[in-house]
Amino acid sequence: MQDDPETVEASEAEALGDSYGDQRTHQILVRELGADVGRLLSEARRAQEAWEETEHADEGLRERKRRLTRQRISDIATVMFAARGFDNVKVSEVADVVGVSEKTIYNYFPTKESMVLDLADESVERMARTLREREPGESVTSAALRALHYDLERIDRAPDELQAFLPRFAEMFQSTPSLRAAWRDIQNRVAEVAAQELARGADVDPNDPEPMIAGHALAGIGQIAFASRVRHIEAGLRGQALTDAVNNDIERAARLLDTGLWSFNLLAQGHRKQKQLQEAAVAAEEARKQVLKALRQARTAWLEIRGEVPERAPRPERGEVRGGGRRMRGRGR
């Protein structure tokens, strides 16, 4: 008797979400990276998972297993891609190594690239929500930094062994056109979200050049953060020194960005004032018409009271022309 496909998929969906999955992931990392690096990376991942559990304290057991399975599939795939080359590893090979079907892999990840960029959708949604729900008076730059720092904190909490893996990760991106294209797509999504929010706050069209360029500039902060971390890791920084150096670079970029957005805010204020002036002009014209109408009605009423309203002359009949004190009907008369 064959197993029900749905039951098999449900079981595979939790294949790596328990202690067996942790052991299985460790074995794969050791095999792909060697005993020392694999062991260090496994320990780093366990520490990362412990922090993730505190961030998802309310989730049920099944949700937790699915989240861990997804994360471990991404970890294994990323390590395989980095060790062998992204284009040299098929999704079916990842499925074989993990021990699930290829269909199960695609249930978690719609594309091969998303197995590497597994947190992209969550980050874009967080950015959109943070910009949309920012406090009155809070700048868009400040709100964008708050959203970005959540992702940065996740990375900062990773042990040094996991941080040290980042330059290899970056090198894989640089050498893989499809990954670079996927990364650009994510940045474009962030830029679109930022442009929409900027346009909404300024009451302008999001397709205007000002909110579009400002949106791309805001999205660029994430690129600054990534490039800064790789550069400082390669320079040997770790721990708090690394965190401080990355934050300093981000703050420098944000200060320059705020300077540019200051002029955008002036533009927005000018647009609002111009719109207010236009609305005021329309209202004034309507008021003027109403006043003139009221004056005419008052004058007519006053003349009627005094009996000075002249009788209205009857309208000319069709074909009849009045002029010069006499009536002329038809032609030649």
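In this predicted model, the side chains of Ser-228 and Asp-249 are joined by a polar contact of 2.6 Å. Ser-228 is placed in helix α12 (residues 209–234), and Asp-249 belongs to helix α13 (residues 239–306). Asp-249 also forms a salt bridge with Arg-231.

**Ser-228 and its surroundings**

- Ser-228 is buried, because its relative accessible area is 1%, and buried means under 20%.
- Leaving aside residues up to four places away in sequence, Ser-228 touches Ala-245, Val-246 and Asp-249.
- Asp-249, the polar partner of Ser-228, is likewise buried, with a relative accessible area of 12%.

**Salt bridges**

- Side chains of opposite charge can pair when their charged atoms come close.
- The count of salt bridges in the model comes to 13.
- In the bridge between Arg-231 and Asp-249, the closest N and O atoms are 2.8 Å apart. This pair links distant parts of the chain, with Arg-231 in helix α12 and Asp-249 in helix α13, 18 residues apart.
- Arg-231 is partly exposed, at a relative accessible area of 46%, whereas Asp-249 is buried.
- Arg-229 forms a salt bridge with Asp-156, and their closest N and O atoms are 2.9 Å apart. Arg-229 lies in helix α12 and Asp-156 in helix α8, so the pair ties together parts that are 73 residues apart in sequence.
- Arg-229 is buried, with a relative accessible area of 2%, while Asp-156 counts as partly exposed at 25%.
- Glu-197 and Arg-134 meet through their side chains in a salt bridge of 2.7 Å, N to O. Because Glu-197 lies in helix α11 (residues 177–202) and Arg-134 in the loop between α7 and α8, this pair ties together parts that are 63 residues apart in sequence.
- Glu-197 is buried at 7% relative accessible area, and Arg-134 is partly exposed at 21%.
- A network of salt bridges links Glu-122, Arg-126, Asp-151 and Arg-154.

**Packing of helices α2 and α4**

- Two packed helices are described by the angle between their axes and the distance between the axes.
- The axes of helix α2 (residues 19–33) and helix α4 (residues 61–84) come within 10 Å and cross at roughly 5°. Angles under 35 degrees count as roughly parallel, so α2 is roughly parallel to α4.
- Residues of α2 in this contact include Ile-28, Leu-29 and Leu-33, and those of α4 include Ile-76, Val-79 and Met-80.
- The residues of the contact divide into seven nonpolar, two polar and four charged.

Note on methods:
Residues numbered from 1 in each chain as written. Predicted model: local features only at pLDDT ≥ 70, side-chain atom pairs only at ≥ 80, totals over all residues. Heavy atoms only, no water. Axes fitted to C-alpha atoms, helices over the stretch in contact; angles between N-to-C directions. Helix = DSSP H or I, 4+ residues; strand = E, 2+ residues; numbered from the N terminus. Parallel < 35°, antiparallel > 145°, perpendicular 65-115°, else oblique. Contact = heavy atoms within 4.5 Å. Nonpolar A, V, L, I, M, F, W, Y, C, P; charged D, E, K, R; others polar. Buried < 20%, exposed > 50% of the residue type's maximum accessible area, 1.4 Å probe, protein only. Polar contact = N/O pair within 3.5 Å; in protein donor to acceptor, adjacent residues only side chain to side chain. Salt bridge = Lys/Arg side-chain N within 4 Å of Asp/Glu carboxyl O.
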